[in-house]
Amino acid sequence: MAKRIENKHPLAIRWLHWINFPMLLMMIWSGLLIYWANAVYGFRIFGYELLHFFPPWFYETLNIPFRLAEGLQLHFFFMWLFAVNGVIYVIYLAVSGEWRSILPVPASFKRAAFVALKDLHFVKTLPPQGKYNDAQRIAYTAVILMGAGSVITGLAIYKPLQLGWLTALLGGYEWARWEHFWLMILFVLFFVVHVVQVAVAGWSNFRSMVTGREVVDENAAVSIQPEPIP
Amino acid sequence: MSECEEKILVEKVRELEKVRKIVDRENTAEVLGEARRLSEPLSDEEARKRMAAYSRRGFLAGGAAALLGVFGWRWMPDDTKYRLLRGTLEFDEKVSRAFYRPSRLAPEFSASQISPPRVNGGIGLSEDLDPAIWKLNIGGLFGRTDDLVITLDDLKALPRTEMTTELKCIEGWSIVVHWAGARFSDLAAKFLPATKSGREPDLVSRPDDLLPYVSLSTPDESYFVGWDIESILHPQTLLAYEMNGAPLTAAHGAPLRLVSPAKYGIKQIKRIGRIEFTGERPRDYWAEQGYDWYAGH
């Protein structure tokens, strides 16, 4: 059966995606060095703390204690790279039209539920999709919003006087720090699910984020008009 | 084909189109007009060959970039890395100072929101101090080269200012405290600081002529902080002598400490012994331990 090569991920998206990975990693790592100095958050249900962030073994294993100054230095360095990379990514999505592959529509939420059922092996067929399914669209759009949220809550903690209006909007200094922390937890959850899904999807899909290309069947994607590759 | 048959056929096509349309509208990619970029049909062999070439290029470039990033960072000499990070803190400071406006005020809280006090940091407080013989030395004043020495009563003669603000520790916690004291700007208005030009200072209309820094230290000089002039002249920067309605205790910096929502607690020096207006960036205890010199909000 004949094949086609799909030009799936533009060069800019691939670089921005892969640069973001170590930047996010460094933001989370330096954030942990900072958080250790006032580690007050936990996961509570009915007033009972099920999980404290973080248990002592976690800090000891990763050698986190007493590195607050280093954490702040790293955080206030990588914040620029993380934010600038993210802003370029959003501008690129907007200008190139790639947003059409990533944005969900209202009906996406129902279809995303079917994707989840398929992933859990309750149903056999996936809803029709383009480059990404509707669950992916929601996740990839959410992660952009999370990035924006991290920058905004971060600014509110960083300059609570000069950006006092922003800090107030987020519920005050203490709440802004809490929000900043939980966005980090969401990033980690996103990362875990993302890596598992990539592993499940297989080599060809992973390789497409490096080469940009993926081999598809000749008659794949009949519902979407193919644009010839120049 | 008869005309009738033709009509039926067209009808069928329309119907199919309609059904197809409904199917297509079920696809988010269709709704948003996503385009796919596909090559011409290729044989299996040709597709495999092309992908191999793309893979070589992609993984080589990506791998090289990853190695450069990881080993570049790991093998960067410690002093180069320190200069890079310290330089970034100083760049961040420039950005912060460019956006700084003294008119922006930190929120004030009600009396019921005052937190239990928290003692943190006793550097410079180890020697016993008799508040009765304590005096404040002020250097770098206009028209004199020696220090002016004033008492707590001189300071209390300045307008009394009270505020209930959030004290933010660089460790990440914050507490609400009620303070009473003299605005630092009121002190500077009474005891005029030296200027760059040598002319008499005008805090309001010619702030750029003021010396850009203030150095503060404990009487034993073991704790010392540096402030930029605009932050220390902020209307909410106080030389406080009362905390939560009572005179400062020794652990909180009696008889006089600096408080301000404009900077972290590390800058809010307790038990001030000397204040100096200066043109040179002052030494700062925690900046020398790797923290941001500016540490400003």
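**Entry 1: ground rules.** I'm working on a predicted model, where local features need pLDDT of at least 70, side-chain atom pairs count only at pLDDT 80 or more, and totals for chains, interfaces and linings use all residues. Residues are numbered from 1 along each chain as its sequence is written, while chains are lettered from A and ligands numbered from 1 in the order in which they are written.

**Entry 2: chain A overall.** I found 9 helices and 5 strands in chain A; helices (H or I, at least four residues) and strands (E, at least two) are DSSP runs, numbered from the N terminus. Reading from the N terminus, I noted the order β-α-β-β-α-α-α-α-α-α-α-α-β-β. Of the 230 residues in chain A, 30% are buried (20 or more other C-beta atoms within 10 Å of the residue's own, with C-beta atoms placed from the backbone).

**Entry 3: H1 against H3.** Helix H1 (residues 11–35) of chain A packs on H3(A) at about 155°, and their axes are 8 Å apart. Axes here are lines fitted to C-alpha atoms, for helices over the stretch in contact, and angles run from 0 to 180 degrees between N-to-C directions. H1(A) and H3(A) are therefore roughly antiparallel (angles over 145 degrees count as such). By class, I get 19 nonpolar, 6 polar and 1 charged residues in the contact of H1(A) with H3(A). Nonpolar covers Ala, Val, Leu, Ile, Met, Phe, Trp, Tyr, Cys and Pro; charged is Asp, Glu, Lys and Arg; the others, Gly among them, are polar.

**Entry 4: H6 against H8.** Helix H6 (residues 134–158) and helix H8 (residues 173–201) of chain A cross at roughly 150°, their axes coming within 9 Å. That makes H6(A) and H8(A) roughly antiparallel to each other too, and the crossing of H6(A) past H8(A) is left-handed. Where they meet, I noted residues including A:Gly149 and A:Gly154 on H6(A), and A:Phe187 and A:Phe190 on H8(A). The contact of H6(A) with H8(A) divides into 11 nonpolar, 5 polar and 2 charged residues.

**Entry 5: chain A on chain B.** I count 55 residues of chain A in contact with 52 of chain B (C-beta atoms, placed from the backbone, within 7 Å). Helix H3 (residues 68–96) of chain A gives the largest share of chain A's side, 8 residues. That side has 28 nonpolar, 11 polar and 16 charged residues.

**Entry 6: the sheet in chain B.** Five strands of chain B form an open sheet with mixed pairing, in the order E3-E2-E11-E6-E7; strands pair if DSSP finds at least two bridges between them. Strand E3 (148–150) and E7 stand at the edges with a single partner strand each, so one side of each has no neighbour in the sheet. The twist averages 20° from one strand to the next.

E6(B) pairs antiparallel with strand E7 (residues 224–228) over 5 bridges, and B:Tyr213 stands opposite B:Asp228. The hairpin of E6(B) and E7(B) has 6 residues between the strands, and B:Glu221 in the turn has a positive phi of about 60°.

Methods:
Buried ≥ 20, exposed ≤ 12 C-beta atoms within 10 Å, placed from the backbone. Contact = placed C-beta atoms within 7 Å. Parallel < 35°, antiparallel > 145°, perpendicular 65-115°, else oblique. Left-handed = near helix turned anticlockwise from the far one by under 90°.
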